[in-house]
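Colleague: Could you walk me through this one? I'd like to go through it piece by piece.

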Amino acid sequence: MALTTYNQVTVPSFMYGTAWKKDATARLVQLAVESGFTAIDTANQLIHYQEALVGEALQSLALKGVRRDALFLQSKFTSADGQDHRTPYDRDADLTIQVNQSFASSLQHLHTDYLDSYVLHAPFSRRGLGAADWEVWAAMEALYEAGKTRTIGVSNITAVQLTVLCQQAHVKPMMVQNRCFAVMAWDRQVREICRDHGIIYQGFSLLTANPDVLAEPEVRAIAQREGVGPAQVIFRFAMRVGMLPLTGTTNPQHMLEDLAAERVTLSSDEIQRIETMAL
Ligand SMILES: NC(=O)c1ccc[n+]([C@@H]2O[C@H](COP(=O)([O-])OP(=O)(O)OC[C@H]3O[C@@H](n4cnc5c(N)ncnc54)[C@H](OP(=O)(O)O)[C@@H]3O)[C@@H](O)[C@H]2O)c1
């Protein structure tokens, strides 16, 4: 089942995340697409991602007949303080130029002339949004308005920041990507803002941030009943509360299991129970 953004872009219901795959990135992206993932998340940030190797996988897939328009490609602008000496733009240039250079370099890495989603990796400000955030957002809005990316989004954002962004941006984000902790009701406050504004909420680290939930007897019992693992229960829960989950698996079997999560049946009571399990 696909999701639709408020500007009518269709987005797959599960996304493959490419962080921390290092030299295995190309092989794993290829495997993920061959297993059935059609949405890929990366970032132009060499500390955590190998965007050029994602591009290498896309080239191999293209040779096997996988068309660019069959894939949903998402990358990110990471500010200079999230980069090392391999910063993919001139860090002394003004922020608008940094965004444009980073975006151009992402297109080059991914061998494409447009992105499906371009995400600000994190606001500069811890609280509220400052001048730097607005300058970067304006540069991203310009990329969107020029048709170079079909959607724009923001990651690692608080509820207060997202509220301000939605109120004051010329173009509201179509995507939010946040780490999802069960102890915070799976980021409920931010998810509710997303729902009110028609923004797609992407949840990451659903498994790694919540080992206690995966170990819960109730989750294990549901998994046993459904003939799946606890990870699939959590991914299905995420979908049922309206999220687009990311998985970072490196295991071919887990790729198939994660995609099969869509077939897990959960009752409304079970969804409510998992949502509040760690509170
Ligand atoms: N915007 C940001 O700042 C940000 C930050 C972090 C991550 N992300 C994005 O989110 C993606 C996912 O993050 P993540 O890696 O933390 O996600 P995750 O899916 O919560 O964690 C991956 C871990 O879960 C395990 N796993 C996955 N499916 C499983 C299954 N069916 N059964 C058992 N174990 C399973 C994996 O082990 P195996 O490898 O053995 O399957 C791996 O250890 C990243 O790749 C990145 O694209 C974004």
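Modeller: Let me start with Ala185, which counts as buried because its relative accessibility is 4%. Keep in mind throughout that this is a predicted model.

Colleague: Where does Ala185 sit?

Modeller: Ala185 is placed in the loop between S8 and H6, and its phi is positive, about 50°, although Ala185 is not a glycine.

Colleague: Switching to the ligand, how many residues surround it, and which are the closest?

Modeller: The ligand is surrounded by 27 residues, and the closest are Asp41, Gln177, Thr249, Thr250 and His254. In the side chain of His254, an N or O atom is 2.5 Å from an oxygen atom of the ligand. Polar side-chain atoms of Thr208 and His121 also lie by ligand oxygen atoms, at 3.1 Å for Thr208 and 3.3 Å for His121.

Colleague: How much of the ligand does the protein bury?

Modeller: The ligand taken alone exposes 920 Å², of which the protein buries 82%.

Colleague: Asp41 was on your list; which residue does Asp41 form a salt bridge with?

Modeller: Asp41 forms a salt bridge with Lys76, and the closest N and O atoms are 2.9 Å apart. Lys76 lies in strand S5 (residues 72–77) and Asp41 in strand S4, so this pair ties together parts that are 35 residues apart in sequence. Both Lys76 and Asp41 are buried.

Colleague: How many salt bridges does the structure hold?

Modeller: The structure holds eleven salt bridges. Among them, Asp196 and Arg195 meet through their side chains at 4.0 Å, N to O, and both of these residues are exposed. Another salt bridge joins the side chains of Glu218 and Arg273 at 2.9 Å, N to O; this pair links distant parts of the chain, with Glu218 in helix H8 (residues 217–226) and Arg273 in helix H11, 55 residues apart. Glu218 counts as partly exposed at 34% relative accessibility, and Arg273 counts as partly exposed at 35%. There is also a network of salt bridges that links Arg68, Asp116 and Arg150.

Colleague: What about aromatics: which residues form a cluster?

Modeller: Phe14, Tyr16, Phe37 and Phe235 form one aromatic cluster, and the count of aromatic pairs comes to six. For Tyr16 and Phe37, the ring centres are 5.6 Å apart and the planes stand at 50°, so the pair is tilted. Tyr16 lies in strand S3 (residues 15–17) and Phe37 in the loop between helix H1 (25–35) and strand S4 (39–41), so the pair ties together parts that are 21 residues apart in sequence.

Colleague: Are those two buried or exposed?

Modeller: Tyr16 is buried, with a relative accessible area of 0%, and Phe37 counts as buried at 0% relative accessibility.

How values were computed
Residues are numbered from 1 along each chain as its sequence is written. This is a predicted model: local features need pLDDT of at least 70, side-chain atom pairs count only at pLDDT 80 or more; totals for chains, interfaces and linings use all residues. Side-chain values use heavy atoms; hydrogens and water are left out. A residue is near a molecule or strand if one of its heavy atoms lies within 4 Å of it. A polar contact is a pair of N or O atoms within 3.5 Å; within protein, one must be able to donate a hydrogen and the other to accept it, and residues adjacent in sequence count only if both atoms are side-chain atoms. Accessible areas come from the Shrake-Rupley method with a 1.4 Å probe; for residues, only the protein chains shown count as cover. Rings of Phe, Tyr and Trp (its six-membered ring) pair if their centres lie within 6.5 Å; planes under 30 degrees apart count as stacked, over 60 as edge-to-face and the rest as tilted. Helices (H or I, at least four residues) and strands (E, at least two) are DSSP runs, numbered from the N terminus. Buried means under 20% relative accessible area, exposed over 50%, partly exposed in between (1.4 Å probe, protein chains only).
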